[in-house]
Amino acid sequence: MMKKMLACALALLLALPACALAEPIALNLAEEDALVTPEGEVLVPPQDYMEIYAIGGGFYALGVYETGEDGFLYTRFALGDEAGNALTQAQYSSLSYRDGVIYYEIDGHFGAMDAQRNSLVPCEYTRLIGDGQGDFLGFLALRTDPWDTTMDAVYALKASGSERETDISVMDLGEAFFEGRIPALSSQTEAYGYLNVQGEWAIAPDFLYAGAFSGGMACAATQEGMGLIDGSGAWLLEPRFDVLEYGNGSLITATVYGEGVYLYDAATRRQIAAFPGAEVYAAHYGDYAVVYSPEEVLLVDANGETVLAFGPGANVVVGENRAVVSTGEYGEQSVYLYDFAGNRVAGPFQALTSAGMHDGREIFVVDSFEIVEVEGGADSYITWDPARIRSGLVDEAGNELLPCEYEVLYSVGENRFFARQGLVEGMIDASGQWIARFEMDS
């Protein structure tokens, strides 16, 4: 196994204002991981843990490898704080955090504790889901195998430790509560409904599908198709669609196969645009939709107005401030940046991916690589060597921030990027300055 040595960690030359301070960043290095502050101070060097990841609430999972009785390697995690200190033994199979509750798993059983590590629920359950309100109103839990096809009794737990077996059994239970509801597949009706934290049906199990609530609405389906319901189960959009997408914006995007695409205002559910056609489909991006048809590709805004139009075969991905548009085959110099006023801003590039917002501007990872044809007669094909891809950064105006000199490059925080360049890896800023730098043995 390749061994790595910590070479150095560079502090920023200028002190950052207090508002710029952020939580420590876990760096997934080629072998062991490290935990560093945004200013480059190494809190946990890469020799200490094989895996590190943030779970939320200022807590981290610190993983070590151990060999099980079957001879396989397993990762055991300790709960860590923002300083990189292990608060527990490395005994957990997984750790997660939501709304003030730390959930932990030990070999397929789950328990919960609060942020002070006081026990809320013993590690006795095969599924454990908190109410999502952050005030420990309660949990729903299962004690039997949640992945088989037999019915599972639902238990309602309180933070005081009391347990009550409800008269409800399910064959499937959602991942989390949203707006006081969680989807569940009833063993009695073999249909989906929504449970509350007391383990009662808040919405009767009458659906073929039930999605998570957001903004007072949820996608649900019947034999007739998908629609939108409110918190009482009443239909806001009648179930007739094959695909229905909404959330994180003001648009609802709906598709009926063989018929077309319809756009609705998320607040009023009023139809604002329609794109008929047997081969029309759409991609949803919050306040925008990309509508694909055999004749053209359209970027449509929340008013139903067409912002951009391209010929068939184009691909459009919507970011925060820009749209990334590809008009040719992958690997060609045919990728462009457009603003939402319909103007081409920059390009062409080979490949471009949004790295999110940094210092008020959207930054993109740009890739450079060589396309090669593998000869094989009728089976010839076009490919590229992943080992030869090099990445850099451009801003939303298309200005080069970093040349394509990095084997690995992606965002890990505000103006912070994980980078690997030769035998050096760590964290840089958008100017290419190494904030935390680690060297690998050859």
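**Strands, loop and rings**

Me: Which residue stands opposite Ile-182 in S17?
Reply: In this predicted model, local features need pLDDT of at least 70 and side-chain atom pairs pLDDT 80 or more, while totals for chains, interfaces and linings use all residues. Numbering runs from 1 along each chain as its sequence is written, and side-chain values use heavy atoms, with hydrogens and water left out. S16 (residues 182–186) pairs with S17 (residues 192–195) in the antiparallel sense over four bridges; a pair needs at least two DSSP bridges. Opposite Ile-182 stands Leu-195.

Me: Which residue in the turn between S16 and S17 has a positive phi?
Reply: Strands here are DSSP E runs of at least two residues, numbered from the N terminus. S16 and S17 form a hairpin with five residues between them. The turn residue with a positive phi, about 55°, is Glu-190.

Me: What is the bridge partner of Tyr-194 in S18?
Reply: S17 also pairs with S18 (residues 201–207), antiparallel, over three bridges. That hairpin has five residues between its strands, and Gly-199 in its turn has a positive phi of about 75°. Tyr-194 has as its S18 partner Ile-203.

Me: How many of the six residues of S9 are buried?
Reply: S9 covers residues 101–106 and is mostly covered. Buried means under 20% relative accessible area, exposed over 50%, partly exposed in between (1.4 Å probe, protein chains only). The buried residues of S9 number five.

Me: Which residue takes a positive phi in the hairpin of S9 and S10?
Reply: The S8–S9 hairpin has two residues between its strands, with Asp-99 at a positive phi of about 50°. The S9–S10 hairpin also has two residues between its strands. There the positive phi, near 50°, belongs to Asp-107.

Me: Is Asn-415 buried or exposed?
Reply: Asn-415 lies in the loop between S41 (408–413) and S42 (416–421). Beyond its neighbours within four places in sequence, Asn-415 is in contact (heavy atoms within 4.5 Å) with residues including His-358, Asp-359 and Ala-430. Its relative accessible area is 17%, so Asn-415 is buried.

Me: How many residues apart in sequence are the parts tied together by Tyr-53 and Phe-77?
Reply: The structure holds 13 aromatic pairs: Phe, Tyr or Trp (six-membered) rings with centres within 6.5 Å, stacked under 30 degrees, edge-to-face over 60, tilted otherwise. Tyr-53 and Phe-77 are edge-to-face, 5.3 Å centre to centre with 75° between the planes. Tyr-53 lies in S5 (residues 51–56) and Phe-77 in S7 (residues 73–80), so the separation in sequence is 24 residues.

Me: What is the relative accessible area of Phe-418?
Reply: Phe-418 pairs with Tyr-410 in a stacked arrangement, 5.2 Å between centres and 25° between planes. Tyr-410 is partly exposed at 33%. Phe-418 is buried, at 1%.
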